[in-house]
Amino acid sequence: MRGRPFISWLLLLFGALYFFVPLLGTLEFSLRYLRGRYSLVAYQIVLTDPRFLATLGYSTVLALATIVVGVVLVVPTAYWIQLRLPRLRPVVEFITLLPLVIPAIVFVFGYLRLYNSSSFLPLTGSERSTDLLLTCSYVTLALPYMYRAVDTGLRAIDVGTLTEAAQSLGAAWSTILLRVILPNVRVAVLSGAFLTFAIVIGEFTMASLLNRPAFGPYLQNIGANRAYEPAALAIISFAITWASIGLIQVLGRGSPGQAAPR
Amino acid sequence: MAFLEIANIQKRFAQTTAVEQVDLEVTRGEFVSFLGPSGCGKSTTLRIIAGFESPSAGVIRLDGVDITRRPPNQRHVGMVFQSYALFPNMTIAQNVGFGLKVAKKPAAEIARRVDEMLNLIKLPALGHRYPYQLSGGQQQRVALARALAIQPQVLLLDEPLSALDAKIRVSLRNEIRSIQRKLDITTIYVTHDQEEALSLSDRIAVMNEGRVEQVGTPFEIYNFPRTAFVAAFVGTLNILHGHVADPAQGKIVVDGQELMASRGLEHARMGDVCSVALRPEVVSLGEAAKDGNQMRGTVEDVNFLGSIVRIRLRLKDNVISLDTFNNPRLSLPERGQTLTVNFSPEAVLVLEAPSST
């Protein structure tokens with residue numbers, strides 16, 4: 001019995017080293033831009049590079065659009081599956097898992113074949129319509145995470161009875177979804193949203209092959225041509241991801257009426 | 001004229017029939033309970049009235065209007081659920097005012113009505129709290145207030161006290177009845193608890209296997225059950241099986257002993273197999289007075305229950321249970337002892353065969 005805490009601490013230490021040593025190594029390397037001393041020059045170069053802000057801004061806008069489309073698509077679907085079509089759950093779960101199995105490059109070639117400028121729906125014909133196509137492809141990529149997050153949230157509440165209670169009080173479907181169901185799965189939707197955000201910010205394949213100025217291709221481009229800046233960018237990306245996770249915690253904690261029932 | 005009319009309602013799911021046939025007319029302001037065991041179709045019938053299930057056949061009319069195919073959010077009926085179903089993301093005041101907000105009532109009217117409802121359920125100071133901060137009993141009172149806030153035409157309660165402990169159940173059921181009387185609202189109450197149904201209702205519809213076995217006042221249901229099921233389900237009951245010896249005189253033979261029934265054999269014929277019911281409290285120890293029934297049997301068991309002693313007396317194939325008040329000055333009968341018990345012919349309830357209802 002006495003040996004167990006020691007083993008637990010040892011495992012924890014091993015895990016921490018496994019995760020943090022590479023991170024610390026990258027951080028340390030990113031600070032060695034100037035020979036013989038540590039500096040933030042690499043960060044300064046990255047942050048003042050107009051392409052950094054442009055690509056990050058572009059990916060952020062697309063990430064937000066992806067989140068909106070994802071929530072609008074997934075929340076009503078998962079709600080309806082839970083409420084009326086529970087037998088279809090395995091089928092829907094299988095479909096939402098497909099983006100994890102099918103490589104992104106296969107999706108892109110499919111899109112290019114279906115929506116090229118000489119097709120019946122030439123979405124790649126202009127920049128705006130390509131952005132739309134890219135957003136849809138991001139929604140597909142994030143589907144496994146968004147669906148699972150929302151589905152878990154819905155399973156935690158009594159969807160059927162809450163729906164019936166709202167109906168008996170005169171609420172229409174839109175009111176039930178927006179004012180009863182959605183607020184009660186807010187934390188789950190936020191989790192899905194931030195996972196989506198993290199995926200979109202770092203995504204390379206689709207943005208690159210659709211030739212859009214996203215953050216992922218920018219990261220790759222810097223990584224292929226510079227020494228210290230990619231390390232700085234990796235640390236910045238890491239900070240953005242952790243900030244997202246922190247936001248989930250903060251917003252989730254502030255959710256009213258979500259404490260465990262007595 | 002009936003305010004709520006349930007006419008020939010049936011509900012079939014893929015393989016099973018949940019509601020075989022239900023007909024009931026409820027007058028305005030009446031409190032009617034559906035009483036029956038699990039799976040008898042009482043909740044399904046209530047859900048059909050609420051609009052959550054659509055019937056396979058039959059019609060629901062409310063105040064003369066056919067609402068059978070009307071969606072639940074347009075029926076104007078209030079519903080209280082067993083699991084309270086309060087919206088966790090809203091405060092108590094927001095929960096109570098939800099229906100009014102959906103109906104786009106002015107904010108001042110919503111606030112006034114919410115205060116009125118919170119006062120009605122005696123929780124005026126808890127409007128700012130969230131449901132998880134309230135006890136089960138308080139949450140169910142809020143659910144009641146929320147259902148009443150929209151001034152529904154009918155209030156439906158689906159086993160609202162089942163999740164509560166015994167003491168709160170009794171106090172809350174009294175509160176429900178008092179609020180119902182105060183507002184004079186037509187109420188349908190579903191329960192499997194006979195005590196709840198007997199104490200709350202103007203009338204009770206006893207249900208079994210998707211059918212209404214008997215509809216009557218609590219007094220009628222308890223004292224004059226029409227079927228063996230109703231007799232057995234409502235209260236403790238002795239069911240004695242025998243045959244008709246003389247229908248004109250109301251004479252029945254049970255295990256070779258004769259007894260008289262004051263009514264119920266009008267349509268019987270000599271030799272018919274019949275069942276009679278006797279409440280334990282109408283059976284007394286000792287010889288019968290003139291014109292009374294008496295039966296002899298052997299004491300099979302004696303249960304001391306505090307203020308009451310329950311004695312089981314075996315006749316032959318039948319058993320009679322009787323309750324006597326505990327008297328410390330009298331000794332209890334011994335097992336195996338032969339005893340005589342008596343009861344009046346009026347206390348003998350001749351039961352209809354279930355199929356004849």
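Trainee: In the open sheet of 5 strands with antiparallel pairing that holds β20 of chain B, what is the order of the strands?

Mentor: This is a predicted model, in which local features need pLDDT of at least 70 and side-chain atom pairs count only at pLDDT 80 or more, while totals for chains, interfaces and linings use all residues. Residues are numbered from 1 along each chain as its sequence is written, and chains are lettered from A and ligands numbered from 1 in the order in which they are written. Strands (E, at least two residues) and helices (H or I, at least four) are DSSP runs numbered from the N terminus, and two strands pair if DSSP finds at least two bridges between them. With antiparallel pairing, the order in chain B is β13-β12-β11-β14-β20.

Trainee: Which strands of chain B are the edge strands there, and which residue is the bridge partner of B:D246?

Mentor: The edge strands, each pairing on one side only, are β13 (257-260) and β20 (349-350) of chain B. Strand β11 (residues 238-246) of chain B runs antiparallel to β12 (residues 251-254) of chain B, and 3 bridges join them. Within β12(B), the partner of B:D246 is B:K251.

Trainee: Why is one side of β15 and of β18 of chain B left without a neighbour in the sheet?

Mentor: These strands belong to an open sheet of 5 strands in chain B, antiparallel in its pairing, with the order β15-β19-β16-β17-β18. One side of each lacks a neighbour because β15 (284-285) and β18 (319-325) of chain B stand at the edges, each with a single partner strand.

Trainee: How many nonpolar residues are on the side of chain B that touches chain A?

Mentor: Contact (C-beta atoms, placed from the backbone, within 7 Å) links 23 residues of chain B with 21 residues of chain A. The elements giving two or more residues to this side of chain B are β6 (77-80) and α2 (92-102) of chain B. Ala, Val, Leu, Ile, Met, Phe, Trp, Tyr, Cys and Pro count as nonpolar, Asp, Glu, Lys and Arg as charged, and the others, Gly among them, as polar. By class, this side of chain B has 1 charged, 5 polar and 17 nonpolar residues.

Trainee: How many helices does chain A have?

Mentor: The C-alpha trace of chain A spans about 75 × 70 × 30 Å along its principal axes. Chain A has 0 strands, and its number of helices is 12.

Key:
Two residues are in contact if their C-beta atoms, placed from the backbone, lie within 7 Å.
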